[in-house]
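Me: Could we walk through this model together, one question at a time? I would like each reply to end on the thing I asked for.

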Amino acid sequence: MFIPLLNPSKHYRTTRDDFAVLMYLMMCSTGEGPFPGIIDLYTLGGALCEPRAALLANKGFVVFALAFYGYQDMPKTVDSFDLEYFEEGVTFLQMQREVKKTGIGILSISKSGDLALSMASFFPNISATVCINTCNANVLFPLHYKDIVIPPLIPNHQNITTTPSGVANILNALPDVTAEENRAAVIPIERASCRFLFIVSGDDRNWNSAFFAEQACGRLRAHGKANYDMVSYPTAGHFIEVPYMPHHPSGLHSALGRAVAFGGEPKAHADAQVDAWRRVQEFFQKHLNGHERLKSSL
């Protein structure tokens, strides 16, 4: 009988002073693995989503919930990101004896999605990437990788309005990602060899995630690739979390420093969280268990 158990202890490991990690190890009655590895990136603020990592670990994965700022003694603010930090995280995960030596998965949401797309584009050992309501361009902070710098899209605060309830409407704050002057910010995902799953909400009020996902898929198609799936929930809001987490139609935005609308109809949003979580697990099970990967264009 196969009985998955989550190790109740949290394993904090450090590879350098500013490299804070939280790793859930999956233990099964059938043996010690190895299991597929997943990097879990949460949203703006760099914090961790322990429930998400724990639930995935309980489904047969080794999940590395990776903080990238604002966690414990890490810097509370940043003005740029270095992709080599995340590359070190991927390498660290693959070094664990419990982790399969095949490709790694990435789970991301909101701002961390452009980091996940960048990792998939520049790292050769990524097999499956999930992006929940993300942007296909680098947002807010310059992204450095070796001798490459991807400039950010910077929100235009003049496009922010206030709703009758007093919260900010930031849906149209980002500049046009298709404009010539913004093309350098778009992540070159045609370089990626992994599979993508884009999960989008039709009532995302944080930004137009459905449009951004369509742009990403269109870019892949334009380069002769079909290594993506997209699922849309027409009346769900921005933060699609694990099932039965509360719906947040509005909340404090880390970059803006005030309450903003996130959208979503409560019942539809709850249903979307249940369905999306099932799809995330199925996607990782399918693409992190030794299936043939697309030929890398790197």
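Me: How much space lies in the largest cavity?
Reply: A cavity here is a set of points, on a 1 Å grid over the protein atoms alone, where a 1.4 Å probe fits but cannot get out. Grid points are joined across faces, edges and corners, and the volume is the space filled by probe spheres set on the points. The search of the whole structure finds two cavities of 30 Å³ or more. The space in the largest cavity is about 50 Å³.

Me: Before we go on, what kind of model is this, and how are its residues numbered?
Reply: This is a predicted model, where local features need pLDDT of at least 70, side-chain atom pairs count only at pLDDT 80 or more, and totals for chains, interfaces and linings use all residues. Side-chain values use heavy atoms, with hydrogens and water left out, and residues are numbered from 1 along each chain as its sequence is written.

Me: Which helix gives the largest share of the lining of the largest cavity?
Reply: Lining residues have an atom within 4 Å of a cavity point. Among them are Arg52, Leu107, Gln273 and Trp277. Helices are DSSP runs (H or I, at least four residues) and strands are runs of E (at least two), numbered from the N terminus. The largest share, four residues, comes from helix 5.

Me: Is Gln96 buried or exposed?
Reply: Gln96 sits in the loop between helix 2 and strand 7. A polar atom of its side chain lies 2.7 Å from the backbone oxygen of Phe92. With a relative accessible area of 10%, Gln96 is buried.

Me: What is the phi of Ser110?
Reply: Most residues other than glycine have a negative phi. Ser110, in the loop between strand 7 and helix 3, is buried at 5% relative accessibility. Although Ser110 is not a glycine, its phi is positive, about 55°.

Me: Which residue in strand 14 is the bridge partner of Phe198?
Reply: Strands 13 and 14 pair in the parallel sense over six bridges; at least two DSSP bridges are needed for a pair. The bridge partner of Phe198 is Met230.

Methods. Buried < 20%, exposed > 50% of the residue type's maximum accessible area, 1.4 Å probe, protein only. Polar contact = N/O pair within 3.5 Å; in protein donor to acceptor, adjacent residues only side chain to side chain. 1 Å grid on protein atoms, 1.4 Å probe; cavity = no way out; pocket = protein on both sides within 12 Å on 5 of 7 lines; lining within 4 Å.
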